[in-house]
Amino acid sequence: MGKFVVLDHPLIQHKLTIIRRKETGSNEFRRIVGEIGGLMTYEITRDLPLKDVEIETPIGKTTQKEIAGKKLTIVPILRAGMGMLNGVLEMVPTAKVGVIGMYRDEKTLKPHEYFCKMPKDVSERECLIVDPMLATGGSAIDAIGALKKRGVKEIKLAVLVAAPEGVKAIREKYPDVDIYAAAEDEKLLDNGYIFPGLGDAGDRIFGTK
């Protein structure tokens with residue numbers, strides 16, 4: 001069974017409060033979303049396997065540790081997921097990037113995939129999907145499905161704010177996927193927004209309100 005982890009590090013919680021404020025402008029919002037993405041990555045990668053390697057320091061030969069196993073692919077869900085991408089890449093600059101484009105039907109609230117571009121060897125990689133909001137779970141479920149269809153076995157999801165309904169939907173559909181969030185919020189409103197949430201993350205990141 002995949003785990004659901006709320007990352008309650010004080011720096012993450014403090015920065016999340018800043019971007020929740022309605023008066024926080026796009027420039028600051030965008031910067032802090034990236035910072036939280038990086039801090040979350042630090043926690044999410046805590047269990048990466050290590051292997052011994054022999055290196056030479058200026059003083060002499062020694063055996064030290066480096067990351068072993070599968071390489072990482074970061075998969076932002078367009079467009080809001082792009083706001084987290086740079087912060088994640090600062091922590092794991094050797095990761096490859098795959099992109100999934102989704103739009104939400106405003107009447108049905110159902111997501112529709114319109115773009116998907118992945119590294120050729122994605123089936124041999126561990127994938128970290130990033131998206132600021134986990135509301136109904138529809139977009140994340142479709143993104144996970146798109147990766148599984150391409151043979152990806154290890155998938156994690158990182159979001160800033162999760163609604164209980166979205167967490168439940170993913171755990172029912174894909175119980176093997178680990179979910180990481182900076183916060184689990186109270187509920188999902190009828191209009192599809194998370195309460196208390198932080199508004200429309202895409203509009204706030206890109207200044208398109």
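The buried residues of α3 (residues 82–91) are covered by elements that include α2, β4 (72–78), β5 (96–97), β8 (126–130), β10 (154–162) and α6 (201–206). These buried residues are G83, M84, L85, G87 and V88. Buried here means under 20% relative accessible area, exposed means over 50%, and partly exposed lies in between, with a 1.4 Å probe and protein chains only. Helices (H or I, at least four residues) and strands (E, at least two) are DSSP runs, numbered from the N terminus. The model is predicted: local features need pLDDT of at least 70, side-chain atom pairs count only at pLDDT 80 or more, and totals for chains, interfaces and linings use all residues. Residues are numbered from 1 along each chain as its sequence is written, and side-chain values use heavy atoms, with hydrogens and water left out.

Helix α2 spans residues 26–44. Its axis comes within 7 Å of that of α3, and the two cross at roughly 40°. Axes are lines fitted to C-alpha atoms, for helices over the stretch in contact, and angles run from 0 to 180 degrees between N-to-C directions. The crossing of α2 past α3 is right-handed. That term applies if the near helix is turned clockwise from the far one by less than a right angle, and left-handed if anticlockwise.

From α2, the contact draws on R30, V33, G34, G37, G38, T41 and Y42. From α3, it draws on G83, M84, G87, V88 and M91. Contact means heavy atoms within 4.5 Å. By class, the residues of this contact are five nonpolar, six polar and one charged. Ala, Val, Leu, Ile, Met, Phe, Trp, Tyr, Cys and Pro count as nonpolar, Asp, Glu, Lys and Arg as charged, and the others, Gly among them, as polar.

T41 lies in helix α2. T41 has 2% relative accessibility and so counts as buried. Residues up to four places away in sequence aside, T41 touches V88, M91 and V92.

The whole structure holds 13 salt bridges. A salt bridge is a side-chain nitrogen of Lys or Arg within 4 Å of a carboxyl oxygen of Asp or Glu. In α2, E35 and R31 are four residues apart, so about one helical turn separates them. Their side chains meet in a salt bridge at 3.0 Å, N to O. E35 is partly exposed at 27% relative accessibility. R31 is also partly exposed, at 45%. K15, R31 and E35 are linked in a network of salt bridges. A further salt bridge joins the side chains of R46 and E43 (3.3 Å, N to O). R46 is exposed, with a relative accessible area of 59%.

Helix α5 covers residues 164–173. Within it, E172 and K168 are four residues apart, and therefore separated by about one helical turn. Their side chains form a salt bridge at 2.9 Å, N to O. Both E172 and K168 are exposed.

P164 is also placed in α5. Its relative accessible area is 28%, so P164 is partly exposed. Apart from neighbours within four places in sequence, P164 is in contact with E184, D185, E186 and K187. P164 and A135 are 29 residues apart in sequence. In space, their C-alpha atoms are 8.1 Å apart.
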